[in-house]
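Take a look at the structure below. We will walk through it in short steps, from helices to charged pairs.

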Amino acid sequence: MTYGFIGTGNMGGALARALVREVSPLDVYLNNRTPAKAEALAAELGARADTAAHIAAACDYIFLGVKPNLIAGVLAQLAPTLAQRTDKPVLVSMAAGVTIAALEQAAPGCPILRIMPNTACAVGAGLTLYDANALLTKPQLDAFLADMAASGRLEALPEHLIDAGSAVAGCGGAFACLFMESLADGAVTCGLPRDKANTFAAQMLLGAARLALESGKPFGQMKDEICSPGGTTIAGIHAMERDGIRAALMDGVKACLEKSDAMAGKKDPSAEEVNHAAPGSAGGGVPCKGRPSPPGRAFVLIFRTGSR
């Protein structure tokens, strides 16, 4: 099997690094709109830097690692080459908000894998969510899963849930980095050297995640097992809950999903679920379903009939 990458940014690079642990680097072809970037990664991995046209003509699996707004243009350039191939390659898209249907329209007849990986794939601790179209065969999927096994966990998920899953598994990596940075800043404030603070925060999060996965315990139970009555940990939990950490994280996940929906051209149904008061009724208040107002604020929309 040969693998081509069109786009070798952070995510494409992470997957290429994982892939060469399972397949020969000589079977991996890299392309980027900044050629020097692909050439540098190729030199690092022992892979080949190549043109997008050759990747489209020759590779069995083609990873589309460009930004979502560039996918249509890239596929339009590759379409004549893909159309000429009798052995259609598997297109592997990691573009947020770009649906399988949109990819099928841009590249008719090609098997499609839509994946949402995360950057931890580079060190074999990632999570990749995936779904496929009907043209992808079981041998093609099995080969992909085997060759990508070094990236970490691969989990099938219906496409309509992939953006929600990615809001946690993909975007959540940045949230975790912000969380670790904040913990380390707090430790430095308390007098701990920066290098120690960074290591302790990262190792703590790694250990907590491993314990959760291996034990299967609910997160709340794990928290309670650390919090002694009247102890230091529950005092810290209280301080963070008072500042709204739980709601902030939930809102962050929801904001990621809303952005994915906007990129895919979907409407937010919650924004349309407004129950208007009957014309002429007293106090035509309009309760709106959607994001809650921030604490301490209230917004009321009042519609009046007749003259002002």
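A crossing of two helices is called right-handed if the near helix is turned clockwise from the far one by less than a right angle, and left-handed if the turn is anticlockwise. Keep that in mind for the pair below. Note also that the model is predicted.

Start with helix 8 and helix 9. Helix 8 covers residues 172–189. Helix 9 covers residues 194–215. The handedness comes next. Helix 8 passes helix 9 in a right-handed crossing.

Stay on helix 8 and look at two of its residues. One is L183, which lies in helix 8. Its relative accessibility is 32%, so L183 counts as partly exposed. L183 also belongs to a nonpolar surface patch.

D185 is partly exposed because its relative accessibility is 35%. Now find N198. D185 and N198 are 13 residues apart in sequence. In space, their C-alpha atoms are 8.5 Å apart.

Next, move to strand 4, which spans residues 61–64. F63 lies in this strand. Is F63 buried or exposed? At 0% relative accessibility, F63 counts as buried, because the cut-off for buried is under 20%. F63 and F5 are 58 residues apart along the chain. Yet their C-alpha atoms are separated by 4.7 Å.

Now turn to charge. Side chains of opposite charge can pair when their charged atoms come close. How many salt bridges does the structure hold? There are twelve. Let us visit several.

Begin in helix 6, residues 138–147. D142 forms a salt bridge with K138. Their closest N and O atoms are 2.8 Å apart. Both residues lie in helix 6, four residues apart, which is about one turn of the helix. D142 is partly exposed, with a relative accessible area of 35%. K138 is exposed, because its 61% is over the 50% cut-off.

Another salt bridge joins the side chains of E241 and R246. The N to O distance is 2.6 Å. E241 is partly exposed at 34% relative accessibility. R246 is partly exposed too, with a relative accessible area of 49%.

Helix 12, residues 245–263, holds the next pair. K254 forms a salt bridge with E258, and the closest N and O atoms are 2.4 Å apart. K254 and E258 are four residues apart, about one turn of helix 12. K254 is partly exposed, with a relative accessible area of 32%. E258 is partly exposed at 25% relative accessibility. Salt bridges can also share partners, and in this way R114, E159 and D163 are joined into one network.

Key. Residues numbered from 1 in each chain as written. Predicted model: local features only at pLDDT ≥ 70, side-chain atom pairs only at ≥ 80, totals over all residues. Heavy atoms only, no water. Patch = residues over 30% accessible without salt bridge, like charges linked within 9 Å, V, L, I, M, F, W, Y side chains within 5 Å. Areas by Shrake-Rupley, 256 points an atom, 1.4 Å probe, with all protein chains shown as cover. Salt bridge = Lys/Arg side-chain N within 4 Å of Asp/Glu carboxyl O. Buried < 20%, exposed > 50% of the residue type's maximum accessible area, 1.4 Å probe, protein only. Axes fitted to C-alpha atoms, helices over the stretch in contact; angles between N-to-C directions.
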